[in-house]
Amino acid sequence: MIDSRAEIRAGDRFAFGSNWRAFIELVDEPRIQAAVESLVKALGTRDLAGRSFLDAGCGSGLFSLAASRLGARVRSFDFDPDSVAATMELRDRFAPDADWSVETGSILDEPFVKGLGLFDIVYSWGVLHHTGDLWGAVDAAAGLVAPGGLLYISIYNDQGLESRVWRRVKRQYNKSGPVARGVLVAASAAYIGRRRPARKALEILRKDGLPARPPRVRGMSAKHDLVDWVGGYPFEVARPEEVFAFLRDRGFALCHLTTCGGGLGCNEYVFQRAEG
């Protein structure tokens, strides 16, 4: 399996887990409820009792927790040790008695994936495009879905030239020291918020995020999402039609779609695997 810490030290990978460990200090009941509601909206149900839920690339563990709150049997994995630690801490804090296991593993580790079995719901939001092998990761995740089960993923939208520019920014961030990284984050905040008042960009950079306002959609943090966006490398993108075709050929039908409107961010998909 890839050594994530060695890649981070070499500047070839963003320290996703470190960012998530900082984020979980902000997790509270309103954020958890926002995460729960996002699952309900996409999956079309509030009842996951008796259903198995795999969180492939669990990050902070927030959505594993949300699935547990909806009654699912949860299995979480991530190949970044800090993400695994963050998920365990969140579980121990909010759901110590839940049917929820957490382990280290990679969606690109074929023996590991083969040993996982099949799940009613496979969830991997904003993960597969950071593996360094997007389509291999999508294929592996799809193979973990039981017949009739759901694959819930999100993948960065392909914006053409702009996506290529962001890839260079992310690469530079991970090769840079703390000062240059701070400059890149500040410049990116200004660029992303260029159609908003400058105050909005400054709020994103505040140490405590946006405490006076409700949690963002999905319960996330503006500040931590920004750092994740600027530093998130490896970085791959896909057009919705590419995702549709790839999974259709593997026996999946689309049952939920939320796009980012052709702009910056992720397109969110829920596919159902054919029975039999």
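Buried here means under 20% relative accessible area. By that cut-off, in this predicted model, helix H4 (residues 62–69) has 7 of its 8 residues buried, so it is largely enclosed by the rest of the structure. The buried ones are Leu-62, Phe-63, Ser-64, Leu-65, Ala-66, Ala-67 and Ser-68. Just past the end of H4 sits Gly-71, with a positive phi of about 105 degrees.

Leu-62 turns up again in the largest nonpolar core. This core has 50 residues, and Leu-39, Leu-62 and Val-230 are the members that touch the most others. The biggest share comes from helix H3 (residues 29–43), which puts in 7 residues. There is also a second, separate core of 28 residues, with Leu-116, Ala-137, Ala-238 and Phe-252 among them.

Ala-137 leads on to helix H7 (residues 134–142). Its buried residues are Leu-134, Ala-137, Val-138, Ala-140, Ala-141 and Ala-142.

Ser-124 belongs to strand E4, and with a relative accessibility of 0% it counts as buried. Leaving out residues up to four places away in sequence, Ser-124 touches Ala-56, Tyr-152, Ile-153 and Ser-154. Gly-177 lies 53 residues along the chain from Ser-124, and 30 Å separates their C-alpha atoms. Arg-273, in strand E7, is partly exposed, its relative accessible area being 25%. With residues up to four places away in sequence again set aside, Arg-273 touches Ala-142, Gly-143, Val-145, Ala-146, Pro-147, Gly-148, Gly-149, Gly-251 and Phe-252. Ala-142 is one of the buried residues of H7, and Phe-252 is one of the members of the second core. From Arg-273 to Ile-107 is 166 residues in sequence and 19 Å in space, C-alpha to C-alpha.

Gly-105 gives another sequence-versus-space pairing. It is placed in the loop between strand E3 (100–104) and H6, and counts as buried at 2% relative accessibility. Phe-79 is 26 residues from Gly-105 in sequence, yet the C-alpha atoms of the two are 4.7 Å apart.

Helix H8 (residues 161–175) and helix H9 (residues 178–192) have axes that come within 9 Å and cross at roughly 155 degrees. The two are therefore roughly antiparallel to each other, and H8 passes H9 in a left-handed crossing. On the H8 side the contact is made by Glu-162, Trp-166, Val-169, Gln-172, Tyr-173 and Asn-174, and on the H9 side by Arg-181, Leu-184, Val-185, Ser-188, Tyr-191 and Ile-192. Sorted by class, these residues come out as 7 nonpolar, 3 polar and 2 charged.

Helix H11 (residues 222–231) meets H9 at an angle of about 105 degrees, the axes being 10 Å apart; H9 and H11 are therefore roughly perpendicular to each other. H9 brings Leu-184, Val-185, Ser-188, Ala-189 and Ile-192 to this contact, while H11 brings Leu-226, Trp-229 and Val-230. The make-up is 7 nonpolar residues, 1 polar and no charged.

H11 packs on H8 as well. Here the axes come within 7 Å and cross at roughly 100 degrees, which makes H8 roughly perpendicular to H11. Trp-166, Val-169, Lys-170, Tyr-173 and Asn-174 of H8 are in this contact, facing Val-227, Asp-228, Trp-229, Val-230 and Gly-231 of H11. The class count is 6 nonpolar, 2 polar and 2 charged.

Leaving aside neighbours within four places in sequence, Val-230 is in contact with Val-169, Lys-170, Tyr-173, Leu-184, Val-185 and Ser-188. Val-230 is also one of the residues that touch the most other members of the largest core. Pro-234 falls in the loop between H11 and H12.

Key
Residues are numbered from 1 along each chain as its sequence is written. This is a predicted model: local features need pLDDT of at least 70, side-chain atom pairs count only at pLDDT 80 or more; totals for chains, interfaces and linings use all residues. Side-chain values use heavy atoms; hydrogens and water are left out. Axes are lines fitted to C-alpha atoms, for helices over the stretch in contact, and angles run from 0 to 180 degrees between N-to-C directions. Helices (H or I, at least four residues) and strands (E, at least two) are DSSP runs, numbered from the N terminus. Angles under 35 degrees count as roughly parallel, over 145 as roughly antiparallel, 65 to 115 as roughly perpendicular and the rest as oblique. A crossing is left-handed if the near helix is turned anticlockwise from the far one by less than a right angle, and right-handed if clockwise. Contact means heavy atoms within 4.5 Å. Ala, Val, Leu, Ile, Met, Phe, Trp, Tyr, Cys and Pro count as nonpolar, Asp, Glu, Lys and Arg as charged, and the others, Gly among them, as polar. A nonpolar core is a set of buried Ala, Val, Leu, Ile, Met, Phe, Trp, Tyr and Cys residues joined through side-chain atoms within 4.5 Å. Buried means under 20% relative accessible area, exposed over 50%, partly exposed in between (1.4 Å probe, protein chains only).
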